[in-house]
Amino acid sequence: MSLLKTIEPNPSFEPKHTTAAPDRLIAGAPAFKTWAQDSAKEGRVNSGVFEATPGETHSIKGETFEFCHILQGVIELTEKDKAPVIYRAGDSFVMKPGYVGVWKTIETVRKIFVTVT
């Protein structure tokens, strides 16, 4: 087993399709696609590609640490009691455990993600 994993930004396999949970939905009808590409440490570390169509949801990280690199699109993240921050293609950011805020997809977004729980 190789310890080097390439994350494919445009995977050729079928993604998992989901929508926002009713208790997380704020506005719109965002649809989500997830192409899980790797898992380690008994499922505590996961990576892949995620895509979301426009809409607005509550983002609650709990105990999860998430690194994101935006491949395409535009989002606005507003941490509770903080000013909004815009991220676009080429930008990277981390949402640390305990993060609570609003995720607004302005233009359909595709990102590479790594989560650690």
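Author: Two rings of Phe, Tyr or Trp (for Trp, its six-membered ring) form a pair if their centres lie within 6.5 Å, and planes under 30 degrees apart count as stacked, over 60 as edge-to-face and the rest as tilted. The model is a predicted one, in which local features need pLDDT of at least 70 and side-chain atom pairs count only at pLDDT 80 or more, while totals for chains, interfaces and linings use all residues. Residues are numbered from 1 along each chain as its sequence is written, and side-chain values use heavy atoms, with hydrogens and water left out.

Reader: How many aromatic pairs does the structure hold?

Author: One of the pairs is F32 with F50, whose ring centres are 5.5 Å apart. Ring pairs also link Y87, F93 and W103 into a cluster. The number of aromatic pairs in the structure is three.

Reader: Are the rings of F93 and W103 stacked, edge-to-face or tilted?

Author: The centres of these two rings, F93 and W103, lie 6.3 Å apart. Because their planes meet at 55 degrees, the pair is tilted.

Reader: Is F93 buried or exposed?

Author: A residue is buried under 20% relative accessible area, exposed over 50% and partly exposed in between (1.4 Å probe, protein chains only). F93 has a relative accessible area of 5%, so F93 is buried.

Reader: Is K61 buried or exposed?

Author: Counting contacts as heavy atoms within 4.5 Å, and leaving out residues up to four places away in sequence, K61 touches E66, M95, K96, G98 and Y99. Because its relative accessible area is 17%, K61 is buried.
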